[in-house]
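Here is a short tour of a protein model, written for someone who likes to know the cut-offs behind each term. Have the viewer open as you read.

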Amino acid sequence: MLIESPGPLPPTLHIPVHLIKEIKFAAAHQLDHHDGKCKNRHGHTYVLQVEISGPVQPVDGKPESGMVFDFGRLGRTLKRLHDLCLDHKDLGDFDPYPTAERLVLRIAYLLLLDLSPELADVGATLSSVKLFEEHTFPACSAEVRAPTLALLPAAFFPDTKLCRAADWARGRHDEPAILASLPEGGGEAAA
Ligand SMILES: [Zn+2]
């Protein structure tokens, strides 16, 4: 039987594709009001999973040809978040009451501030931000999804020691003084 070749992919695909990128970070937190052992200071190896959804770009000679969004561009934002706000940090300096639920909302808000203009350029959206407290069985995670993501109110996110939203939006978290305060290796090295 003759099987017809499907031929080359068309230059423009209008089918949405979902990209997922993950980072891992180790950090400490303490939940003073918890009625169990979480009221004691302890640590987790968190996994942050970020999903971007959108149409595959046409193959037209531009750098993003054939992509939804550049993984490298997303990776640069996640690396900045990892190094400056999350890895080997006291998460009480990032959010005043760092439950997984509050952390994922704050992380999603910072990602939106940083990525929204470039996502809009290619018709893509941040569709899910999910935070696992440990990524082993039984895994616990907190997730915020579109369309709720786009409605996160700025008033919910007061500035904290490790997170000044206005500075983050202007890229000022890259200031040399802040970078100089990071541990050697930018948080990638094992403790
Ligand atoms: Zn915990």
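The notes below go from the overall layout to the strands and then to one helix.

## About the model

The model is predicted: local features need pLDDT of at least 70, side-chain atom pairs count only at pLDDT 80 or more, and totals for chains, interfaces and linings use all residues. Numbering starts from 1 along each chain as its sequence is written.

## Overall layout

The protein has four helices and four strands, where helices (H or I, at least four residues) and strands (E, at least two) are DSSP runs numbered from the N terminus. Along the sequence, their order is β-β-α-α-β-β-α-α.

Of the contacts with a separation of 6 or more, 66% join residues 24 or more positions apart; a contact here means that two C-beta atoms, placed from the backbone, lie within 7 Å.

## Strand pairing

Strands pair if DSSP finds at least two bridges between them. Strand β3 (residues 125-133) pairs with β2 (residues 42-56) in the antiparallel sense over eight bridges, and β3 also pairs antiparallel with β4 (residues 140-145), over six bridges.

Six residues separate β3 and β4 in their hairpin, and Glu-134 in the turn has a positive phi of about 75°.

## Helix α1 and burial

Buried residues (20 or more other C-beta atoms within 10 Å of their own, with C-beta atoms placed from the backbone) make up 25% of the 191 residues. In helix α1 (residues 71-86), the buried residues include Leu-74, Leu-78, His-82 and Asp-83. After α1 comes His-88, with a positive phi near 55°.

How values were computed. Buried ≥ 20, exposed ≤ 12 C-beta atoms within 10 Å, placed from the backbone.
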